Every structure is written in C-alpha cells, then in structure tokens.
Amino acid sequence: MKNLIIFLFLCFSLLQNPNPISSTKLLTKTKSFTYETFDEGKDTPFFKFSASSIDLKALQLTPDNENQPNGYNNKSGRIMYYKPYKLWSSQNDDVIASFNTNFVMNLYRNKDWEAGEGLTFLIAPFGDDLPEQSYGQWLGLTNATTDGNPSNQIVAIEFDTKSQGFDPNGSHIGLNVNSVVSNKTVLVDQFEPTVNYSVWIEYNGGSKLIEVFMANDGDDKPKKPLLSEKINLKNHVKQFSYLGFSGSTGDPSKQFNCVIRWKLEIDDLSPKKPWNWKTLLIGVLIGLMLLGLVLVLLCLKMRKKRGVKDEESNIVLGTLKRLPGMPREFKFKDLKKGTNNFDESMILGKGGFGVVYRGVLNEDNNNDNEVAVKKFSRDNLDGKEDFLAELTIIHRLRHKHLVRLEGWCYEKGKLLLVYDYMPNGSVEKHLNSNQTTLSWQHRHKILKGVASALHYLHNEYDQKVVHRDLKASNILLDSNFNARLGDFGLARALENEKNSYAELELCGVPGTMGYVAPECFHTGKASPESDVFGFGAVVLEVVTGRSPGVKIQHEKDQFTLVDWVWMLHREGRIEEAVDERLRRVGGEYDVGEANRLLLLGLACSQPEASFRPQTQAICQIIAETMPPPHVPPFKPVFTWPSMSTAAFSSNESSFSHILSNSVSSSAQI
C-alpha cells in the first residue's frame with residue numbers, strides 16, 4: 001500500500017510539473033570505495049603500480065625488502081587507483097568535483113636510520129607514469145628536469161619527513177602544484193616511526209578550499225585542520241585524473257612509506273540523461289499494474305513458504321533439544337540488543353559461514369557478560385546443516401585450549417551460536433600488527449596450546465574430530481594470551497576406523513590456501529594428517545611472522561613460506577627465518593626453541609602425509625621431552641596417491657595445475 005501511494009503521488013506531481021528535472025536541481029551523486037586492508041591476490045587488479053607493491057596487507061610505496069637492488073636507498077614509487085575520475089565538468093562552467101578521503105599511513109624506519117623522504121596523496125594525469133630519478137627530495141612526483149613544469153598537471157599533499165633547502169626546517173605537510181616546492185607548508189611534530197597516522201583530506205569544489213587533518217590512528221578527527229588553502233583544481237589538473245599515492249627514500253635517509261587503509265568519496269560528474277516525462281508516466285502506469293500482480297503472487301508464495309518454514313523450524317528445534325548435554329538457549333532479542341542490532345562496529349571477524357560479533361549481555365545482578373556471537377550468513381536449509389554440524393561437534397568438546405560454547409539461538413529463522421569472548425583477538429591480528437610485536441614467550445605458549453588442543457581432537461575425544469581449517473585467524477587469545485582454537489564451521493567428526501571424508505560423501509577441498517595439505521587437492525579428502533599440515537603452516541607463520549598465503553621475494557625468486565624456510569634450512573641458516581621484529585629488538589627470543597619449532601614446522605609440512613609427526617610427538621617436541629625431528633636438507637617431492645584408493649572430487653581438475661606448479665617449485669629447491 002505504501003508503494004502504491006508513492007507511485008500515485010509521483011504521477012500527480014508529474015501532471016502538475018511536466019518538466020521536474022529542469023525546474024529542480026538534482027543532488028549530486030557520489031562514487032566511493034573502502035579498503036580496510038589490502039590483499040595482494042584480490043586487490044592488485046584495482047591499482048596501477050610503479051616500482052611499488054601490495055605487501056603485508058598495505059600499499060608499499062617504497063621497497064620493504066633489503067634484498068631489492070640498492071636496498072632501501074634512493075627509491076621512489078607510485079600506487080594509483082586503477083581508473084580516473086572526472087574532476088571538473090567542462091570549460092564552460094565552474095562545476096568542480098568535491099571529494100573526501102581518509103587513509104592511514106605509516107612511515108616506519110629503524111632507530112638508526114635517518115628519516116626520509118616521505119609520501120604524498122597525489123592527483124596525476126596518468127596511472128602508471130613514474131618520472132625517472134624521482135627518488136630523494138622529488139618524492140616520486142617530479143625530477144630535476146620536470147619540476148615546476150605546468151605540463152605535469154599534478155596536485156599533491158606531501159607528508160615530508162626530511163627538509164630540503166626549499167622546505168621549512170622540520171617535518172611538515174605541504175600543498176604541491178606541479179613541483180616539490182610547496183605552495184603552502186605547515187610544520188608538524190616529527191613523524192614517529194612506530195605510529196600509524198590517520199589523515200583526512202577534504203576538498204570543496206564550490207568554495208575551492210582544500211583542508212588537511214591528521215591524528216594518531218584510532219583518535220577522532222580533529223576539529224581544526226592543520227592545512228587550509230584555496231585552490232582551483234580545474235586550473236591545474238586534467239579533467240580525468242587518477243588519485244593515489246607516491247613516495248620516496250634518499251641516501252642515507254630511508255624509511256618504509258606505506259598506506260594501511262584507504263577510503264574515498266567523490267562527486268560523480270558523469271552526464272545525466274534528460275528524462276521524458278511522458279515516457280516516465282507510461283512507465284509508472286505499467287509499473288502499477290505489475291506491482292498489483294506481484295503483490296498477489298507474493299501473498300500466495302508467502303503463505304506457502306510460511307508453512308515450509310514452520311516445518312523446518314520444528315525439525316531444527318527438535319534436533320537441538322535432543323542433543324545430549326546441550327548448553328543454554330539464548331533469546332534472539334537479547335543477542336540483538338547485546339550486539340547493538342548486529343552493528344558493523346561490533347564485528348570481530350568474518351568467515352565463509354557467517355559473521356562473528358562482540359556482544360555485551362546484561363546478565364543477572366546487572367553484571368555485563370562479554371560474548372562472541374556467530375550469526376550464520378545463510379538461513380536456508382544449507383545454512384541449517386552448517387549450523388547443526390558445528391553445534392553437534394563443539395557442544396560436547398571440553399578442553400582449555402578450545403573456544404568454549406556458551407549457548408545457541410534459533411529464532412525467527414536466524415541461526416546463532418554464542419561463544420566465550422576472547423579479548424586479545426586472533427593470532428593473525430597480532431602477527432600483522434605494525435604497532436606491537438608478539439613476544440617470543442607468547443608465541444611459544446600459543447603453539448604449545450594449539451598442539452594440545454589438536455591432540456585432544458584427534459586422540460582424546462570419543463570420536464576423531466578433524467578441524468579442516470587450522471590457521472592463525474582461527475586461533476584466538478584470552479586475556480592472558482592463552483590460545484583457544486575456534487571456528488569449527490568446517491570440522492567433522494570421523495567415525496571409528498574412518499580416516500577421510502570420502503566415506504562420508506563430503507566432496508570438495510575445504511580450508512584456506514597455504515594451510516591445505518597437497519594430497520587434499522588430489523583426493524578431495526581431509527584427515528588428521530592434513531590437520532597436522534595446517535598446524536605446520538601455523539608454526540612457521542608464528543615463528544617467522546609471515547603468512548603462508550603470501551609469496552616471499554628472495555633475490556630473483558619468489559618462494560612460498562615453507563619453501564623459503566626449507567631453503568634456509570638447507571643452507572644452514574634456518575635461524576634467519578625468525579621474525580625480524582624479534583631479531584631487531586636485540587635477540588629477545590630463545591634461539592634453541594626457535595630452531596626446534598622451525599624444524600617441527602617443516603616436519604609437519606612434509607608433502608607425504610605418512611611422514612608427518614602425530615600430535616602426541618608434536619606435543620612432546622614442543623615440551624622438549626623429545627628431540628627435534630630430523631628434517632632432510634631438500635624438501636621431498638610430492639607423489640600422487642594410489643589411483644585405486646583416491647576419491648576424486650568434482651574440483652580435482654581445477655586444482656591439478658596448482659599441484660603441478662608446487663611440485664615443480666619443490667624440485668628446484
């Protein structure tokens with residue numbers, strides 16, 4: 001009924017004013033994008049790179065790898081969004097696009113490095129045009145030949161960490177037009193190498209005013225801008241220009257210039273097609289008739305669907321209440337209130353089966369109880385099967401290193417599980433942090449706890465439970481940094497004498513790239529041995545601080561994490577694999593423990609499943625009641641399982657090329 005009233009009101013308005021578009025100025029539409037983090041595999045196509053890259057989940061404008069030629073010195077780079085934006089309308093009017101951008105930057109350097117040079121937010125005519133010899137004072141913008149040339153058609157906001165002869169004395173922010181000599185500069189406190197800075201740049205196309213705000217990441221936007229200046233972009237940049245960043249280092253000055261997050265909102269000045277009110281009126285009338293038909297069909301469908309849903313709900317609730325030892329049932333309204341109506345600000349993480357929210361429940365005696373609420377993203381029959389599978393397994397698991405299930409909720413077609421809240425988040429979050437370094441004591445304790453939990457799942461529970469998605473993001477930390485293994489969305493309990501999923505008719509290759517054992521791609525089977533492979537990837541990730549899913553550049557070659565550690569082991573320098581942040585702070589780690597864990601990680605990563613250690617041996621090796629495993633200097637080559645026993649999945653052909661590539665790379669080591 002509401003839609004009918006709106007349509008009728010629109011028709012009446014059109015009859016009263018047959019040309020509403022010409023008599024009323026339309027609000028300008030906007031375009032926007034948001035990158036809360038940067039993923040090399042997923043996000044690379046959306047940027048144009050010039051001597052730069054995505055690495056460690058950030059835009060790296062200058063190299064972060066001393067194996068690059070000339071190390072860190074005299075480097076420059078640009079990263080621009082892959083498509084240009086229209087910044088002004090035409091030569092005949094004064095319509096200029098307004099934009100707001102917010103990004104988080106980090107200008108890291110070692111304490112013994114001289115700071116320099118800095119990075120810029122850049123508007124440029126081309127997406128992949130980096131001037132030659134634009135390192136040092138030129139900030140990746142210009143060079144000695146092109147600086148100051150109006151044909152550059154660039155405007156930049158510089159964040160300069162080293163003063164030149166034409167700069168004020170100290171770290172500063174500047175507005176640059178076609179040159180590194182700023183039109184206006186303001187001094188700021190020295191940029192701290194371990195601090196992430198949040199920057200807001202706002203341009204008003206009407207007033208031609210550009211303003212720059214800056215604060216420590218996590219703090220609110222300041223009320224007063226650091227830099228405020230009028231500039232008519234139409235006089236300086238191309239109509240269609242690219243937006244992005246540039247940066248440089250010098251000699252001896254150097255630092256890592258990177259952008260960690262980026263949001264942009266900009267006016268859309270694309271031409272709007274004129275409307276024909278007669279055509280619109282005919283369309284509205286046709287729409288009214290179609291709407292009436294749709295409403296009739298929708299009512300019939302809803303009646304039928306309501307009956308099916310009621311039947312499904314009774315089945316699910318009956319199954320839940322029959323499970324022995326079931327935890328408490330929560331009310332949906334309490335979980336909705338505790339998560340602020342499942343607000344985005346309460347999100348702790350996302351996965352293939354749902355979203356996990358932080359919740360605060362007001363329990364008895366007005367005591368607030370923090371919990372983690374997993375809301376399944378699919379409410380259809382498949383979603384219910386995922387929900388029941390996870391609940392069936394985890395509700396009886398009892399181990400101090402597993403995330404404890406507090407309860408469940410199935411109401412109004414919504415599926416939710418309630419877990420203990422882990423205040424220190426995931427291991428992945430700490431390993432990827434640019435602000436703090438996870439201590440060696442915590443890392444060793446985490447691996448010891450996960451190994452204990454895995455041994456419980458494989459050998460001490462009344463059924464073998466295979467987790468199938470063992471990775472750093474699924475290992476959570478309580479207030480004392482004790483590890484708790486969670487996310488049992490892919491886990492399955494194997495019946496006695498069963499060792500894979502083929503017998504249970506569960507096809508496919510579940511898990512996350514870098515953590516999945518090679519035999520799974522061929523057979524479509526998971527097993528306790530494939531869990532051990534995933535644990536090996538976690539061990540190497542925790543000790544090295546590097547993700548198994550990200551390639552490592554070493555000289556002219558790129559390696560997977562396990563191949564890189566194996567190469568260092570072969571060359572007798574495996575200790576170089578230890579997270580450089582631990583080595584950089586003065587050797588605050590146990591060299592013997594680190595070498596033992598790296599060898600254990602390689603042993604668990606053996607391509608042949610039968611050569612991997614079992615969980616009992618893993619626990620003993622970590623506890624140092626058993627010597628470290630013997631690891632050959634060369635990584636063994638993966639061999640295909642027997643064709644007669646392999647259970648092929650429907651995805652086998654699509655993964656075969658991945659296996660062949662991994663075998664080839666292994667053979668080169």
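Asp469 lies in the loop between strands β23 (464-466) and β24 (475-477). In this predicted model, local features need pLDDT of at least 70 and side-chain atom pairs count only at pLDDT 80 or more, while totals for chains, interfaces and linings use all residues. Residues are numbered from 1 along each chain as its sequence is written, and side-chain values use heavy atoms, with hydrogens and water left out. The relative accessible area of Asp469 is 10%, so Asp469 is buried (buried means under 20% relative accessible area, exposed over 50%, and partly exposed in between, with a 1.4 Å probe and protein chains only). Asp469 and Gly486 are 17 residues apart along the chain, and their C-alpha atoms are separated by 9.5 Å.

The chain has 15 helices and 28 strands. Helices (H or I, at least four residues) and strands (E, at least two) are DSSP runs, numbered from the N terminus. Of the 669 residues in the chain, 48% are buried. Contact means heavy atoms within 4.5 Å. Among contacts between residues at least 6 apart in sequence, 68% join residues at least 24 apart.

Helix α10 covers residues 528-544, and its 17 residues should span 24 Å at 1.5 Å a residue; the end C-alpha atoms are 24 Å apart, which agrees. The expected span is 1.5 Å times one less than the number of residues in the helix. In α10, 16 of the 17 residues are buried, so the helix is largely enclosed by the rest of the structure. Gly545 follows α10 and has a positive phi, near 75°. Gly549 is placed in the loop between α10 and β27 (552-554). With 54% relative accessibility, Gly549 counts as exposed. Between Gly549 and Ala537, twelve residues apart in sequence, the C-alpha to C-alpha distance is 9.6 Å.

Helix α13 (residues 591-604) was examined in the same terms. Its 14 residues should span 20 Å at 1.5 Å a residue, and the end C-alpha atoms of α13 are 20 Å apart, in agreement. Eleven of the 14 residues of α13 are buried, so α13 is largely enclosed by the rest of the structure. Among these buried residues are Glu593, Ala594, Arg596 and Leu597. The elements that cover the buried residues of α13 include α8, α10, α11 (561-570) and α14.

The axes of α13 and α14 are 10 Å apart, and the two helices pack at an angle of about 165°. This makes α13 roughly antiparallel to α14. Axes are lines fitted to C-alpha atoms, for helices over the stretch in contact, and angles run from 0 to 180 degrees between N-to-C directions. Angles under 35 degrees count as roughly parallel, over 145 as roughly antiparallel, 65 to 115 as roughly perpendicular and the rest as oblique. The crossing of α13 and α14 is right-handed; a crossing is left-handed if the near helix is turned anticlockwise from the far one by less than a right angle, and right-handed if clockwise. In this contact, Arg596, Leu597, Leu600 and Cys604 of α13 meet Ile618, Ile621 and Ile622 of α14. By class, these residues are six nonpolar, no polar and one charged. Ala, Val, Leu, Ile, Met, Phe, Trp, Tyr, Cys and Pro count as nonpolar, Asp, Glu, Lys and Arg as charged, and the others, Gly among them, as polar.

Helix α8 (residues 440-460) also packs on α14 (residues 615-622): their axes come within 9 Å and cross at roughly 160°. The helices α8 and α14 are therefore roughly antiparallel to each other, and their crossing is left-handed. The α8 side of the contact includes His444, Leu447 and Lys448, and the α14 side includes Thr615, Gln616 and Ile618. The contact of α8 with α14 comprises six nonpolar, seven polar and one charged residues.

Lys48 is found in strand β2 (residues 47-50). Its relative accessibility of 26% means that Lys48 counts as partly exposed. The C-alpha atoms of Lys48 and Gly127 are 5.8 Å apart, although 79 residues separate them along the chain. Beyond its neighbours within four places in sequence, Lys48 is in contact with residues including Arg78, Gly127 and Tyr242.

Backbone geometry was also examined. The peptide bond from Gly116 to Glu117 is cis, with omega near 0°, and Glu117 lies in the loop between β7 (99-108) and β8 (118-124). Leu56 is not a glycine but has a positive phi of about 50°. At 55% relative accessibility, Leu56 counts as exposed.
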